[in-house]
Amino acid sequence: MLHEIKSLNEECGIFGILNSKDASENAYLGMHSLQHRGQEGAGIISFDGNKVYSYKGQGLLSTVFKDKNNLKKLIGNSAIGHIRYATAGSRGLQNIQPFFFNDPRMPFAISHNGNLTNAETLRKHLAECGAHFQADSDSELLGLLIMLDKHDKFMNRLKASLRKLRGGFAFIIMTAKGMIGIADPHGLRPIVLGQNKDGSYILCSETCALDQIGAQYIRDLQPGEMITINDNGYTINHFTKSQGLTVCSLEYIYFARADSVIHGVSVHEARKNMGAAIAQEHPVKADVVLGVPNSSLDAAIGYAQASGIPFDMGMIKNQYVARTFIEPTQDKRERGVSMKLAAVKSVVQGKDIILVDDSIVRGTTSKYIVKLLQAAGAKSIHVRIASPVIKYPCFYGVDIESKAELIGANKTVEEIRESIGADSLAYLSIPGMINSINIDSNNQYHGLCTAYFDGKYPTKLYDYQDKYDAETKQIEQSKGVK
Ligand SMILES: O=P(O)(O)OC[C@H]1O[C@H](OP(=O)(O)OP(=O)(O)O)[C@H](O)[C@@H]1O
Ligand SMILES: NC(=O)CC[C@H](N)C(=O)O
Ligand SMILES: [Mg+2]
C-alpha cells in the first residue's frame, strides 16, 4: 500500500450554507480555506428547493472542480460540502462526502468530521437490519440509522440516531427544510455558526472559512448541541447532555489554520504562547531561533519573543511539492521530507540554533532537519517541541491509531534526542500546554482533549479498546525486556 509522507494527517473540513443565492460558489470558497484539513477528496451537494445536485471527486478541491461548469451546475440556495482525509474505510470515491440519503419521508445529505469509536458495532447491527451500505467509512452510519428509525418526525429520527453514536463527530445535515449543525457530547471536533450580510447562515469547521466569504462569526457549537437553521433563523437544541467540552488539543497545536479562532482562542496566539512557555520551561543559550515552515513558525516566534533570542528564517519550504505518496519505509519518508525543506546557509552556518517544531510523531521530520542544519554548518542544535510528548493514539478523527508508530510511546526523551541527533531536546509540559491554550472552561479537562499526551480519553474506546489494550501490553513487555 502507498502512504502519504505527511506525518500528522488532517481530519476533514465541513461546510454548509443556507439561503444564499451563491450557495455552491460560497461553499467552494469556504472549503478552499479548509483545504489544509484533508486533501484526499472533496464534494458539494446543493438543493434548489426541488432537486438535489451533487459533484464529488478524489484529490484537492481545485482538482475536483477544475472544470468550473461542474460547480455552476450545483444550483440552489443551499449547499453542503466536505474535504476528506480518511480515518475509517478506504480512500476510494465511494467514501467521498457529502452522502445523500433518499429517504422518502425526508431526503437529507450529511457531512462528517471525526471518527466513531463504535462504528464496527453499529455496522454489524445495521447489516442485521438489512441496511444498504453505499460506502465503507463510518460517516454514512448516521444516515443509515436515520433511514431505519421509526419516529414520525425527522428531528426525532435524527436525535435518536445521534444518541447511538460514540466518539468524535461534527456533522452538518441538509434537508428540504433547512440545515442542522451537530457537535458530539464532548465537542471533540470544532464546528462554528456564522452569518453573511445577505442573511445566509453558515456552519463550518473553522472560522477561517467564515472570514473567506466575509461572514460574521456567531458562536461555536457546544458539546451535545444541535443547531437547526431554517427560513426563520436558528434555534439551539441538545440531542444529549453535554459531557463537558474537550476539544482536540492538536487543533491548536497543528491542525487548524493559524487565523482561526476556536472556542474563543486564537490558534496563532495559542501557538505563540506554547512557544513562549517552552522558552520559559527549557531555556538554552543560542544565537538564533528557527521554526519549521509552516506549522511551527508561530511557536518559534513565541519562543524568540519570550527568550529575546532573534527569530530567523533558517529553512524554507518548497511551496510546489505536490502531495507525494511513497512506500512506507523510513528511508523514503526522509527523502520525502527532503523535497519539502531546505536550509538557508547564511542564517545557519556557525550558529548555536534553537529549532522549534510543533510536534514529533515518528521523528522523521526532526531527524532530517537536524541533519540538514548540521550539513549547513550549524554549531549546535537544540530542539524544542512546543507540545508535550505524543505517547497515545487518537480514535476521534486524527489518523494516528497505533502506539507502534509513535516514537514517544516507545522511547524516552533522551532516546529520542539520540535518534534525531540533536544536542538537546525538550518538550512542553502538559500544564504548560493547557495554560498556553487557556480555554475558558472549568471542567476537569480544562476544555481540552489531551489524550495524545496523557492517555486520559474523555470517552470509553468501545470497538478500539481490545486492540489498544493488546498493544499497550505488547509495548510494556518489550520495554521490560530491554
Ligand atoms: O515526527 P514526524 O513523524 O515527522 O511528524 C511531525 C511533523 O509532522 C507535522 O508536519 P508535516 O510535515 O505533516 O506538515 P507541515 O508542513 O504542515 O508542518 C508536524 O508539524 C511536524 O513537523
Ligand atoms: N478525518 C475525518 O474527519 C474523516 C471522517 C470519516 N471518519 C472518514 O474517514 O471519512
Ligand atoms: Mg511540520
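Here are some questions and answers on this predicted model.

User: Before we start, how are residues and chains labelled, and what pLDDT do local features need?
Analyst: Residues count from 1 along each chain as its sequence is written, while chains are lettered from A and ligands numbered from 1 in the order in which they are written. This is a predicted model, where totals for chains, interfaces and linings use all residues, side-chain atom pairs count only at pLDDT 80 or more, and local features need pLDDT of at least 70.

User: What separates the centres of domain 1 and domain 2?
Analyst: The domain assignment, which is automatic or from a database, puts domain 1 at 3-244 and domain 2 at 266-437. Taken over C-alpha atoms, their centres are separated by 33 Å.

User: Which hand does the crossing of helix 9 and helix 16 have?
Analyst: Helices here are DSSP runs (H or I, at least four residues; strands are E, at least two), numbered from the N terminus. The axes of helix 9 (residues 267-281) and helix 16 (residues 430-437) come within 8 Å and cross at roughly 145°; axes are lines fitted to C-alpha atoms over the stretch in contact, with angles from 0 to 180 degrees between N-to-C directions. A crossing is left-handed if the near helix is turned anticlockwise from the far one by less than a right angle, and right-handed if clockwise. This one is right-handed.

User: How do the residues of that helix 9 and helix 16 contact divide?
Analyst: With contact meaning C-beta atoms, placed from the backbone, within 7 Å, helix 9 brings residues including Ala270, Met274 and Ile278, and helix 16 brings residues including Met433 and Ile437. Ala, Val, Leu, Ile, Met, Phe, Trp, Tyr, Cys and Pro count as nonpolar, Asp, Glu, Lys and Arg as charged, and the others, Gly among them, as polar. The division is 6 nonpolar, 4 polar and 1 charged.

User: Which strand gives the most to the shell around ligand 2?
Analyst: There are 17 residues around ligand 2, and Glu11, Cys12, Thr87, Asn113 and Ser137 come nearest; a residue is near if its C-beta atom, placed from the backbone, lies within 6 Å. The shell divides into 4 nonpolar, 10 polar and 3 charged. With 4 residues, the top contributor is strand 7 (residues 108-116).

User: What is the largest C-alpha distance within the "binding site" feature?
Analyst: UniProt's unreviewed entry places it at Ser295, Asp357 and Asp358, in the numbering used here, though annotations may be inferred rather than shown by experiment. These residues spread over 64 residues of sequence yet cluster in space, with a largest C-alpha distance of 7.9 Å.

Definitions and conventions:
Contact = placed C-beta atoms within 7 Å.
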